[in-house]
Amino acid sequence: MRCTRATPHTLAVHLGCDDTEAVESVLTTLVAMGMATADGAEVYRPVAPSTVVARLVERRLKALHEEMRHVSETRDLLESLLREQEFENAGPYGDTQTDAPLIERLEGLLKVREKLDELSFFCRSELLATQPGGPMTKDNIAAARPLTEQLLRRGVAMRTIVESGAVADLATAAYLQELTAKGVRIRVVERTAERLLIFDRQTALAPIDPNDSTLGAVAVREPGLVGGMISLFDRIWAESRELDEVVGSPAEGEGPEGGLSELERQILATMQMVDKDEIGAREVGVSVRTYRKYVAALMGRLDAANRFQAALLARDRGWI
């Protein structure tokens, strides 16, 4: 406001506003925010801009401090829960024991998901997994991505074995490459055993019926059985191939004969039709990060200055 003092009425007239109550409400808010002052005669005065900025910065810093304090308390609570669980599970000689059964039958998908959430929450060091079958659906990928990223942020080492049928699917292969870029080690075999998850080498989760995962799963804590499952995983791992050896990387090859994949062809096609990465990634069924990785690699192979030029050069070479 240009005036140095005003009442709600005079300010409303100055602004050409007929709603004096609305103006008074705004002035009250400005006072609450420290941007104006008011005396008993309902006369309002603006506060100097430098003072307002300083107050807003101070308020924001205070809010950030409170937020950091809450985050710290949550982290401390999590560490306390983990230590408490370790203490309760520790036997007289430091071995692990628990009141839960050594073999627990979980019937139905709901109970399996609850157990999976619990085991993932308390997983601290390592997760081993086998992923049998073919391609992952978009819903499967969308559900798995946040859980995987949460485990990686916690520093959990992850090793996963998938079947070759999965990497034949473009969207699944792109998602798996996305995971490897984030630190997950992935290997490929022609055929693996049923689905298996092993958390911190202490608890294993396997389906009741490998042919029908909807029936439920079995949570195994018996050390001998878990040890056997780990040995089985390690044997399959040793006989498998690294993901990059199977699907290649975006940067290799020098044209269609040199290894241009169908996914790269699709991305080249979208580069000439859409101008936003988010749209292009959705069109080919990969994450935006993976899409941009492929775009950068393709532009480098084509020696293109921009994406439109890359699409034109690709057409000239018969790539698309």
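Contact here means heavy atoms within 4.5 Å. Helices are DSSP runs of H or I, at least four residues, numbered from the N terminus. Buried means under 20% relative accessible area, exposed over 50%, and partly exposed in between, with a 1.4 Å probe and protein chains only.

This is a predicted model: local features need pLDDT of at least 70, side-chain atom pairs count only at pLDDT 80 or more, and totals for chains, interfaces and linings use all residues. Residues are numbered from 1 along each chain as its sequence is written, and side-chain values use heavy atoms, leaving out hydrogens and water.

Start with H11, residues 277–284. Asp277, Gly280, Ala281 and Val284 are buried there. Down the axis of H11, these buried residues fall within an arc of 100°, so they line one face of the helix. That arc is taken from the directions from the helix axis to the C-beta atoms. What do the buried residues of H11 pack against? Helix H10 (262–271), helix H12 (288–302) and helix H13 (307–316). On the other side of H11, Arg282 and Glu283 are exposed. Glycine 285 follows H11, with a positive phi near 80°.

Now the rings. The structure holds two aromatic pairs (Phe, Tyr or Trp rings, six-membered for Trp, with centres within 6.5 Å; planes under 30 degrees apart are stacked, over 60 edge-to-face, the rest tilted). Phenylalanine 121 and phenylalanine 122 pair edge-to-face, 5.0 Å centre to centre, with 90° between the planes. Phenylalanine 233 and tryptophan 237 are stacked, at 5.9 Å centre to centre and 20° between the planes. Both phenylalanine 233 and tryptophan 237 are buried.

Technical notes: Helix = DSSP H or I, 4+ residues; strand = E, 2+ residues; numbered from the N terminus.
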